Amino acid sequence: MHDKTVRRRRALLVLLVVLSLLLLTAYFGEAPGGRLHSVQRAFLTVVSPIQDGANKALKPVRDLFGGVSDTFHAKSQRNELRKQVAKLRRELVGDQSEKRSYRELLAMFHLDNQLSIADYHPVTATVFGKSPNLWYSTVTIDKGETSGVRINDPVINGEGLVGKVTLAAPDAATVSLITDSTVGVSARLGTTSATGIVQPKLGDPNDLLLQYLAPSTQPNKGEYVVTSGTVTSHGDSLYPPGILIGQVTSVNEESAYKSVNVHPIANLHNLDVVQVLTSALGSRPSKLSRLAATLPPGQSPSAAASGEALASTGAVP
Amino acid sequence: MSAPSGALVGRIAALSVVVVFFQIGVVSEIPVFGVNVDLTPLLAVFVGLICGSTLGAVTGFAVGLLVDLALVQTLGVSSLIFTLIGYWAGRLRELRDPQAALTPLLVGASAAAVSLVGYAVIEFLLGVDAPVSLDLVRQIVVGVVVDSVAALPMWALVRRILEPAMPDDPRRRRRRRAYTTGGLSPLSRP
């Protein structure tokens, strides 16, 4: 009797371990549209209303703990922000006159067809779930395919870039944050034309790495890093150009390429409301995304499109 | 090994669902020293510690699967880790049945450590594209400490919910009687 119990117990353990390994292997090997991904998508469809409801009901609890945590940091943040406001005010005065000249030049050379965020049909969504794991920086939002959200759509909030959609169900979607190991964003340093790829540094959620900058680049501490409007690989998300990602904290010069550490601007620990840039089918952003899929990595579809437009009008030889 | 009662299985299932949704909706959004408390491995380990290896392993597998499905993570990773954690805690109960007050704390800390290191090992085996910071080690250590602090209230909750549905264990009954009567039955006292 005892032997039988032991055998049964061990058989169950082996069965569960083998089942887990089979799931892991099958999931890892299949395409994003595969059967197990579809099961996950169906599960998200079923549980998203429950999760959304639970999230709303438990919001006071979250706010209470969040409020206590915020109070500890409030004083130091206030002093830091006062310094920043004074610095930015000085910069603003100089930038306003430069902006006017810039607009005049854009109009003069027919380059004033840049897209704004509004052209991307932003859909506002509420975050109702977050992964607790060090290895997965994902959140779940309450808008999905019925609101026009699709896989690879960029996600922003009032502060800057948040991430991209990696799974879309009818009424919910999963967003991989810019601190997730699977996300890479083509970016440039704010004051220069130097571009690179922003990747997370696993183990440090408050630090990103802008890599593959040309050796001649002279990055400065405090400089802003924004999206470049190009793609990092085929089929990747096309983030609109100029979205704020973070601020340079230090420069690394140990390899052939320069890299800089970047502190994300968006507070990714405390996301409540985000915007998904959906770019409806047939719109200009959507066409640019399709164009981006055909271009080699690092090339700007906006530039290509502008180039085509200029060539067709005879503005360039 | 007697089959678990329906009431016990029902309580475990309900507790698992509530804990997973509470984790995703609330606990994950409150960082403590830069990390998140993870209640899910604690749930698997405490079910194993109270109900034994079989239920511990099955609960670990189910909770892991639920977490991976709800958070759109690689399926099977959490199931594998939590199955092993639940089984180990169950065997600990079946072989040693530790009764010290610090047992939940130590078992919870061990579960958190196995979970965090297990994830790291599996993710490295699957291949990580992003650069890895040495701070990962610090994050794992802080994660273990934070989860250990959460282990005591979690243990109290799991025990309070599951123990009323547990079949009476003769070993525990004997130990309880020995503790309350000084080791002797009142009838056998001189």
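**View 1. H2(B) passes H4(B) in a right-handed crossing.** In this predicted model, the contact is made from the H2(B) side by Thr40(B), Pro41(B), Ala44(B), Val45(B), Val47(B), Gly48(B) and Leu49(B). On H4(B), the residues in contact are Phe82(B), Ile85(B), Gly86(B), Tyr87(B), Ala89(B), Gly90(B), Leu92(B) and Arg93(B). Helix H2 of chain B covers residues 39-51, and its axis lies 7 Å from that of H4(B), at an angle of about 30°. Angles under 35 degrees count as roughly parallel, and H2(B) and H4(B) are therefore roughly parallel to each other.

**View 2. Helix H4 of chain B runs over residues 77-95.** With 19 residues at 1.5 Å a residue, H4(B) should span 27 Å, and its end C-alpha atoms are 27 Å apart, so expectation and model agree. Of these 19 residues, 14 are buried, so H4(B) is largely enclosed by the rest of the structure. Asp97(B) follows H4(B) and has a positive phi, near 45°.

**View 3. H4(B) packs against helix H5 of chain B, residues 103-126.** The two axes come within 10 Å and cross at roughly 150°. That angle makes H4(B) roughly antiparallel to H5(B), since angles over 145 degrees count as such. The crossing of H4(B) and H5(B) is right-handed. H4(B) contributes Val77(B), Ile81(B), Ile85(B) and Ala89(B) to the contact. From H5(B) come Val107(B), Ala111(B), Val114(B), Ser115(B), Gly118(B), Tyr119(B) and Ile122(B). An α-helix has 3.6 residues a turn, so residues three or four places apart point the same way.

**View 4. The buried residues of H5(B) pack against H2, H4 and H6 of chain B.** They are Pro104(B), Val107(B), Gly108(B), Ala111(B), Ala112(B), Ser115(B), Leu116(B), Tyr119(B) and Ala120(B). Helix H6, one of the packing partners, comprises residues 135-162. H5(B) has 24 residues and reaches 34 Å from its first C-alpha to its last, close to the 34 Å expected at 1.5 Å a residue. Just after H5(B), Gly127(B) takes a positive phi of about 100°.

**View 5. Phe46(B) belongs to the largest nonpolar core, which has 108 residues.** Val162(A), Val198(A), Ile245(A) and Phe46(B) touch the most other members of this core. Helix H3 of chain B, residues 53-70, gives the most to the core, with eleven residues. Leaving aside residues up to four places away in sequence, Phe46(B) touches Met154(B), Trp155(B) and Val158(B).

Technical notes: Residues numbered from 1 in each chain as written. Chains lettered and ligands numbered in written order. Predicted model: local features only at pLDDT ≥ 70, side-chain atom pairs only at ≥ 80, totals over all residues. Helix = DSSP H or I, 4+ residues; strand = E, 2+ residues; numbered from the N terminus. Expected span 1.5 Å × (residues − 1). Buried ≥ 20, exposed ≤ 12 C-beta atoms within 10 Å, placed from the backbone. Core = buried A, V, L, I, M, F, W, Y, C linked by C-beta atoms within 7 Å. Contact = placed C-beta atoms within 7 Å. Axes fitted to C-alpha atoms, helices over the stretch in contact; angles between N-to-C directions. Parallel < 35°, antiparallel > 145°, perpendicular 65-115°, else oblique. Left-handed = near helix turned anticlockwise from the far one by under 90°.
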